[in-house]
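Hi,

Here is the structure I said I would pass on.

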Amino acid sequence: MEDGLINLGLVELRDKIASGEVKSIEAVEAVFGAIDKYEPTVGAYISTFKEQAIGKAKEVDQKIASGQKIGALGGVPVAIKDNMCTTFGATTCASKILEKFHAPYNSTAVQKLLDADAVIIGKTNLDEFAMGSSTENSGLKQTVNPWDVQRVPGGSSGGSAAAIAARLCYGALGSDTGGSIRQPCSFCGVVGLKPTYGRVSRYGLVAYGSSLDQIGPITKNVADAALLMNVISGHDAADSTSVSEDKAPVVDYLGEIDEGVEGLKIAVAPQLNAGADESVRKSVEEAIETYKKNGAKVIEVEMPHLDYAIAVYYVIATAEASSNLARYDGVHYGHRTVEPKDYVEVYSKSREEAFGQEVKRRIMLGTYALSSGYYDAYYLKALKVRNLIRQDFAKVFEKCDCIMMPVSPTTAFKIGEKTADPLQMYLADIYTIAVNLAGIPGVSIPCGFDNDKLPIGLQILAPAFEEQKLVRIARMYESQTDHHKQVPPLTTNL
Amino acid sequence: MGGRISRKDVEKVAKLGRLQLSDAEIEEFTGQLGSILEYVEKMNELDTEGVEPLAHCLPISNILREDEAKESLGTEKTLANAPQREGEYFKVPKILDDSSGV
């Protein structure tokens, strides 16, 4: 455990900046100090904006000095996954096809951070177009796990999770299509929240699986995630799938965070959990014991259709991806092949040259599933099973407040360990994927370490739009443990 | 494994997806897609007779707005990322040949 400015939580730092105890510029300098030291090893960022960040920090400090009002994230350094459009820097999606793409507008989530006076430090690495579970599919660079540099940070928001773990910023945005916030947070020992589908605007989030994608916070602790949720949540006229506030009002997620949930009923699915490594299972069981000691009741449930979640996901997500990625045509923006022999080659050769293997694989799979003669057998069937999966969750939530399970069956694996067999990589998503299919919110919080001192995550799931309850439940555990305060050896040894 | 998807299928899908795959990639994807599809067919164990397909978790309806003219991106911003441009246009190779009569 470590003290010092760089280890402060986002809420704590925000409060200290607002009270004048710490200057925003000091926090920004501390972050760039850490970046100078650790980023060459960790590789969390695709781009950083030092000058712009210093300018913004000075502006916030000036506002405070002159007694002006500042936003909810006044002066706090944050990072953004590089699949969200920004008018500053490039928006690459870690793909060679967008390496030089400069977005003409800010995504809504990023604009909300800016409006709240956050200081944007940089844009973080990811699996190309958020397709992957290890960040090894980045077309631009490799990010490593700060807890063990031989291992992956998880993915696809691996850059954001590694940046928080290595103290390279105070909060970050990720996106989660099948676990891409929760799984890297589990691997890196930080907190990640995937909101209900429709809670946060997807406007300006480069589309992968449009019925599954959702932006969410990655932070050192649960309160920090709640604060970021306060800033980024809400209806957006520019995203027709964002939910109107009369249907699901945005509440103050931070306000009642320490109040816990009286008479908490937790669902567990022992059958499902049996598939996890022993160290993971043990840690998750111990975490649930902690809840029991605090008066929670545990109810064993069955969710028979969750076994099919991976199969369903890799049909639906790839089908949506094949359609979404049709826009990379070498005409309007992005890479274009040199000297195409005809207009078809403008598309097919540009795409062949600039997409990575996993992206091509998913386009192929999705195109196949949607193609004439296979649509009913794959895509339509998957949509029906998706409904059964959603019903499994609905039934459990009739009698329970939340469901607890591991985030991932293993801790962080070695770089290169699973790249040769894509199906093995997909199967590791077993605990996270169903959540996106059902559209519900979930959070990953640190709940222990395995024998190699690699972090383990506890996953807590709640009914749609119950994020406030979700963070209260997560906070109940966090307030009694110190797993979330552990710092990777990297940041103390270098 | 194998047999689920042939080399010819992969070539056809690559054409549909506008990916000019190399021979090695076609070979690799034939095997990999075959085993992924075999796994995916696990769905067939379930009887989904009478189950409604679920494309979206939220009740999604058409959202309409007033038809008001608003400021748009403008030509320069729109063309700023163009791989090739000519004046105010995206430049692409000829789509129709001269004998098409169009």
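How do helix 7 of chain A and helix 16 of chain A run relative to each other, roughly parallel or roughly antiparallel? Before I get to that, keep in mind that this is a predicted model.

Helix 7 covers residues 222-232 of chain A and helix 16 covers residues 467-478 of chain A. The two pack at an angle of about 160°, and their axes are 9 Å apart. Angles over 145 degrees count as roughly antiparallel, so that is what helix 7 of chain A and helix 16 of chain A are to each other. The crossing of helix 7 of chain A past helix 16 of chain A is left-handed.

If you want to click through the contact, helix 7 of chain A brings Val222(A), Ala223(A), Ala225(A), Ala226(A) and Met229(A). Facing them from helix 16 of chain A are Glu467(A), Val471(A), Ala474(A), Arg475(A) and Glu478(A). By type, the residues of this contact are seven nonpolar and three charged, with no polar ones.

Now for the domains. Chain A is assigned domain 1 (5-303 + 388-493) and domain 2 (307-383). Their C-alpha centres lie 27 Å apart. Where the two touch, domain 1 of chain A puts in 29 residues and domain 2 of chain A puts in 22 residues. On the domain 1 side, helix 14 (422-427) and helix 15 (433-438) of chain A each give at least two residues. That side of domain 1 of chain A splits into 16 nonpolar, nine polar and four charged residues.

Cheers

Note on methods: Residues are numbered from 1 along each chain as its sequence is written. Chains are lettered from A and ligands numbered from 1 in the order in which they are written. This is a predicted model: local features need pLDDT of at least 70, side-chain atom pairs count only at pLDDT 80 or more; totals for chains, interfaces and linings use all residues. Axes are lines fitted to C-alpha atoms, for helices over the stretch in contact, and angles run from 0 to 180 degrees between N-to-C directions. Helices (H or I, at least four residues) and strands (E, at least two) are DSSP runs, numbered from the N terminus. Angles under 35 degrees count as roughly parallel, over 145 as roughly antiparallel, 65 to 115 as roughly perpendicular and the rest as oblique. A crossing is left-handed if the near helix is turned anticlockwise from the far one by less than a right angle, and right-handed if clockwise. Two residues are in contact if their C-beta atoms, placed from the backbone, lie within 7 Å. Ala, Val, Leu, Ile, Met, Phe, Trp, Tyr, Cys and Pro count as nonpolar, Asp, Glu, Lys and Arg as charged, and the others, Gly among them, as polar. Domain bounds come from an automatic or database domain assignment.
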